[in-house]
Structures are given as C-alpha cells and as structure tokens.
Amino acid sequence: MDKIKNPFSPGAGSPPPELAGRDGILEQAHVLLGRVRQKRPEKSILLTGLRGVGKTVLLNEMERMAREDGYRTILIEAHEEKHLALLLIPQLRRLLFELDRIAGAGDKVRRGVAVLRSFIGAVKVTIGDIEYGLDIEPERGSADSGDLEIDLPNLFLAVAEAAEERQTSVAILIDEIQYLGARELSALIMAMHKMQQRQMPLVLIGAGLPILPGLAGESKSYAERLFSFPDIGPLSEAEANRAIQDPIEDAGERIDPAALREIFRLTQGYPYFLQEWGYQSWNHAVASPITLDVVRETTALVERRLDENFFRVRFNRLTPREKTYLRAMAELGKGPHRSADIADTMGAKITTLGPVRASLIKKGMIFSPAHGEMAFTVPLFDEFMRRAIPDFQSKGTNS
Ligand SMILES: Nc1ncnc2c1ncn2[C@@H]1O[C@H](COP(=O)(O)OP(=O)(O)OP(=O)(O)O)[C@@H](O)[C@H]1O
Ligand SMILES: [Mg+2]
C-alpha cells in the first residue's frame, strides 16, 4: 500500500491519527479548565502512566484545549539535570510579555515582571549565572528569598494576578514531572496550594511515570487533595481496534478482523506498540485488506525495531547490576513482583538490593505500585529482557 499515505505515527509525542479511548480524561481536563477560568476550585491533573501510553500526546492536546479556552500556556519538560526555575523563567518571561500586549489598565503585569526579575536574582545566587535581560527594577522582598518553596508560590501569584488583570488565565503544563527534585516538586505543590486557596486563574497539568503520586504524597501530605492522578493505561480491545481500524478506513483501505485481533494480542493495547504494528503492517501489505498473515509477517520486524529503539536505549543506560536485577524481575514474568521474590531469584539478600533498586527507580525503569512490590515502567519490558539476556542463571550465579 502507498507508504506515503501511511496514517500511523510511531514516535515520542507524535499525535496519533485516532486518539482512541481518551474521551474521559479529556472531559476531565475540559471541566478543570472551565472551572479554573471561572475561579472555582478544582483539583489539578497529574497524568500518570507507563512509557509510551500517550501522556505527552494528551498533554499537548490539553494545551491546545487550554489555548482554545482563552488560556495563555506554558509547556515544559522536566529534566534530571536542569532546575525547574531555569525551565520556567524564559517561559514566564514570554508569558508576561504576551500579557503586556493585551489591552487593559493596571500595573499587575509590570509588577509580575518585577517579581520575575527578583526571582531570577535569587535563582542566580543558588543555581549560578543566568542572564535574561529584563528592563525593569526587581521588586525587592518578593520571590527573592532564595528558598524555592517560598519564592515559587509568590512568583505564581504575581503571574496569576497579572493574568487576572488582563482577564485571562494561565495553564502551566509539565511533562516528565517525576524528574523534578524533591525541593522543586514540593515548591510546585505549595505554589498550587496557594493558587487554590486564593482561587487564582492558574492551572497546572502534569504528566509522569506512576511513581508520581508517591513522590507528591511524600512531599506534602495534602497533595492528594490538590491533585488528581488519572491513570493512563493501555487501551481496551474495542479502543485499540478503533485506533488501528479508523485511520485505515479513513485512508480508504481495509483490515481484516483476524488481523486486528492479532495486533491486540501482540500489543496488549499499548498505544506506542499499536502505532508500530499499524505502521509496519500498512507498509508490508501489498493491497487491502491487511490480513492476519501480513501482521504475522511484520511481527519479527516490529519486534526488532522495538528492541533496537524503544527498549535498547533504556537497556544501554543500565549498569551490569541493574541489568541483573531487571532480568531477575523478568524471570518472574510480567509483574508486579515482590521485592523478596526478586532477591530470591537473584540469590541475593533483600537488604543488599536497596541501592540498585533506588537507582533503577531514579532512572525511571521501575516503580513501586504497592508496598514491597516492584513493577516495570516500560510495557512488555519483561519479554525484552528475556530476549536480551536469554540464559539467565538464577540463584546468584549471575549477580
Ligand atoms: N489514544 C491513543 N491511541 C492511539 N495511539 C496513541 C494514543 N495515545 C498515544 N498514541 C501513540 O503512542 C505513542 C506514544 O505516545 P506518547 O509519546 O504521548 O507517550 P508517553 O506516555 O508520553 O511516553 P513516554 O513515557 O515514553 O514519554 C505515539 O506514537 C502516539 O501517536
Ligand atoms: Mg512522553
């Protein structure tokens, strides 16, 4: 079939041809945006889910919805090595300049810029040199204590007041939130607490791995009252079928029901895998309809591509000890698994595994869905680990 017309879009954050199975969460975002704009209290949304389930796609879609609703938006991606303040400053600066261009009386926008200026001054002391020419005197005493937990709430307040004065609202969207440091996360939570108490028109929508609710809860016990953590999971069979079938039919082609069933069996409804199988099956098919045989013939190729890209990049970042730990998990199957069982499989004492577990959590490879349990953050990673290290010797010989 015509490769140029292939509708599927495997990739990080690439919008799928059919955003299947996400109406509920989009409706939740719609309500949140509507209520915050009217200064009614509503929990911020922090989307959580495994790798490749479509969090970034949803975040982009929610940013689009916010803009359509008249919001001014900021979208950033948190980073292990870059401080939250450094990500926010240039964006807030742009946003304040945008607000400045909206007609309206009052001096809250100017004040916002002055507060940002003093925030930058304080950050400069704690993080190092940054230069963002802001042609205004800093407002001494606002957001310049050098303590992010105090300064960030004050900065958000100044920005929200500026937006309110220009009769607009602000949406801050943050991807990969789990990479924020503990101080940054706690400052962010406190800032949102202040927004909710004062009923300011500033909303936060974030996305991250399933460790996020735990991190937020550890940081501030009231986090669960401020945020809702919708779980973005794999698609049901009906949704997955739509994600594959609708784009094919919209392009004037067809796919057999048996082929759809096979794709669902192989992908287990995980969005990224659906895009890969859809993409390769389309390219492999000589003509409509895409049959079961076509899907079967492409499977080896798709798995090879996934192994070489999606899985391998993560695998290559692991130390030998981390690989052994994950291989032991894989030996036990899909998971989640009890930490004690993993230790057993490795032939190691559970008490010695704390550091390797912690570094795997930090790298975003595993998370703890319940006390004493570990699970993979990457769908089907157990199968990959068994392919990558076929002859695992359990009971310690390999650890
Ligand atoms: N609802 C959906 N239906 C079909 N395909 C989808 C859906 N959501 C996302 N996808 C596809 O899944 C892939 C992964 O999406 P995305 O990058 O948003 O995932 P993610 O959860 O942000 O992953 P990561 O944790 O690795 O950042 C993309 O190719 C996208 O087109
Ligand atoms: Mg993403």
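In which loop is the place of Pro336? Select Pro336: its place is in the loop between helix H13 (320-331) and strand S6. Helices (H or I, at least four residues) and strands (E, at least two) are DSSP runs, numbered from the N terminus.

This is a predicted model, in which local features need pLDDT of at least 70 and side-chain atom pairs count only at pLDDT 80 or more, while totals for chains, interfaces and linings use all residues. Residues are numbered from 1 along each chain as its sequence is written, chains are lettered from A and ligands numbered from 1 in the order in which they are written, and side-chain values use heavy atoms, with hydrogens and water left out.

**Backbone features**

Pro289 lies in the loop between H11 and helix H12 (292-315). Then select Gln167, in the loop between helix H5 (148-165) and strand S3 (169-175). Gln167 is not a glycine, yet its phi is positive, about 55°. As background, most residues other than glycine have a negative phi, and most peptide bonds are trans.

**The sheet of three strands**

Select S6, S7 and S8. These strands form an open sheet in the order S6-S8-S7, with antiparallel pairing; two strands pair if DSSP finds at least two bridges between them. Strand S6 (337-338) and strand S7 (366-367) are the edge strands, each pairing on one side only. S6 is joined to strand S8 (residues 373-376) by two bridges, and Arg338 has Glu373 in S8 as its bridge partner. Two bridges also join S7 to S8; here Phe367 is partnered by Ala375. Follow the chain from S7 to S8 to see a hairpin with five residues between the strands, where Gly372 in the turn has a positive phi of about 80°.

**The sheet of five strands**

What is the order of the strands in the parallel sheet? The five strands of this open sheet run S2-S3-S4-S1-S5. At the edges are strand S2 (71-77) and strand S5 (227-228), each of which pairs on one side only. Select strand S1 (residues 44-48) and strand S4 (residues 202-208): four bridges join these parallel strands. Within this pair, Leu47 stands opposite Ala207 in S4.

Of the 26 residues around ligand 1, Ser9, Gly13, Ser14, Lys55 and Thr56 come nearest. Helix H2 (55-68) and helix H11 (271-284) each supply at least two residues of this shell.

Now display the polar contacts (pairs of N or O atoms within 3.5 Å). A backbone N or O atom of Ala20 lies 2.9 Å from a nitrogen atom of ligand 1. For Gly54, a backbone N or O atom is 2.9 Å from an oxygen atom of ligand 1. The side chain of Glu176 has an N or O atom 3.4 Å from an oxygen atom of the ligand. Taken alone, ligand 1 exposes 640 Å², of which the protein buries 96%; accessible areas come from the Shrake-Rupley method with a 1.4 Å probe.

How values were computed
Near = heavy atom within 4 Å. Polar contact = N/O pair within 3.5 Å; in protein donor to acceptor, adjacent residues only side chain to side chain.
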